[in-house]
Amino acid sequence: MIKNDEVLDDLQNGLFIIQKKDGFKFGIDAVLLADFAKNAVSKNTLDLCTGTGIVPLLLSEKTETGNICGLEIQTEIAEMAKRSVEYNRLSERIHITQGDLKEADNIYGRGVFDKITCNPPYMKSGGGLQNINDVKSVSRHELLCTLDDVISVSAKLLISKGRFFMVHRPARLADIMCSMRKFNIEPKRLRFVHSSCAKAPNLVLVEGMKDGGNELRILPPLYVYNEDGTYSDEINEIYGRK
């Protein structure tokens, strides 16, 4: 089940994930996204840009959701995510599909999910030399989908009052807010993530509601490290270390 160029990583919660030894691996952003989204009760959850399936795996442990889907465009990565689901014996709860996010409403149908999560590529594609066949480039740059693609298709997939959760870079916040309102997903909660209290935020967690009313709550900041360089109590709690 695990290939020679892969490794089985322990998620420290009873679950394991298969990843490439030298490939793109999940980071703290995926862990924070799953934790941020965990309290929204859901019967049918979809994780867009699911990669190796880290967010569905974490949500299976953090929630009681019976049906968790993950959509990933890269064939090899989607196949790896499927094997992680099988390894953890979660095939009855987690369903990974290889496909294009822009066609997600054709794959699943409209108004199907009450919760959607997404950890999308952060950087706009530009004049660089990004390779659409390179896993790291596709994961980091908007080569195969844009921010508008993510939010517009989420609006189609969500039921009315369904919840949308995303982690992104603060520099894209204006784009995120404008796109969410354009596609009728009203921003409801916002939380900035800082590496420490002395530094500017490097991540932002956003929750929206399809057809929601106009009210945005700014949550207290989340600090990853204490002043002495140790992990903060909240990060330890999120990772299940306490």
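Residues are classed here as buried when the relative accessible area is under 20%, as exposed when it is over 50%, and as partly exposed in between (1.4 Å probe, protein chains only). The structure is a predicted model, in which local features need pLDDT of at least 70 and side-chain atom pairs count only at pLDDT 80 or more, whereas totals for chains, interfaces and linings use all residues. Residues are numbered from 1 along each chain as its sequence is written, and side-chain values use heavy atoms, with hydrogens and water left out.

The chain contains 8 helices and 11 strands, assigned as DSSP runs (helices H or I, at least four residues; strands E, at least two) and numbered from the N terminus. The radius of gyration is 17 Å, close to the 18 Å given by the globule rule for 242 residues, so the chain is as compact as a globular protein of that length. This radius is taken over C-alpha atoms, and the rule is 2.2 Å times the number of residues to the power 0.38. The C-alpha trace spans about 50 × 50 × 45 Å along its principal axes. Of the 242 residues, 50% are buried. Among contacts (heavy atoms within 4.5 Å) with a separation of 6 or more, 68% join residues 24 or more positions apart.

Nonpolar cores were defined as sets of buried Ala, Val, Leu, Ile, Met, Phe, Trp, Tyr and Cys residues joined through side-chain atoms within 4.5 Å. The largest core has 34 residues, and those with the most contacts inside it are Leu11, Leu32, Ile54, Val55, Leu57, Ile94 and Val193. At least two residues of this core come from each of H1, helix H2 (54-62), H3, E5, E7, strand E9 (201-210) and helix H8 (233-238). H1 gives the most, with 7 residues. A second, separate core of 28 residues includes Leu46, Leu101, Ile116 and Ile176. In H1, 9 of the 10 residues are buried, so this helix is largely enclosed by the rest of the structure. Valine 55 touches Ala30, Leu33, Ala34, Asp47 and Thr117, residues up to four places away in sequence not being counted.

The structure holds 4 aromatic pairs. Rings of Phe, Tyr and Trp (its six-membered ring) pair if their centres lie within 6.5 Å; planes under 30 degrees apart are stacked, over 60 edge-to-face, and the rest tilted. The ring centres of phenylalanine 36 and phenylalanine 165 are 5.8 Å apart and the planes lie at 85°, so this pair is edge-to-face. Phenylalanine 36 lies in helix H1 (residues 28-37) and phenylalanine 165 in strand E7 (residues 158-168), so the pair ties together parts that are 129 residues apart in sequence. Both phenylalanines are buried. Tyrosine 225 and tyrosine 231 form a stacked pair, 5.0 Å centre to centre with 25° between the planes. Tyrosine 225 is partly exposed at 34% relative accessible area, and tyrosine 231 is partly exposed at 36%.

A charge is taken to sit over a ring if NZ of Lys or CZ of Arg is within 6 Å of the ring centre and within 35 degrees of the ring normal. Arginine 189 lies over the face of phenylalanine 36, at 4.3 Å from the ring centre. Arginine 241 lies over the face of tyrosine 231, at 4.6 Å from the ring centre.
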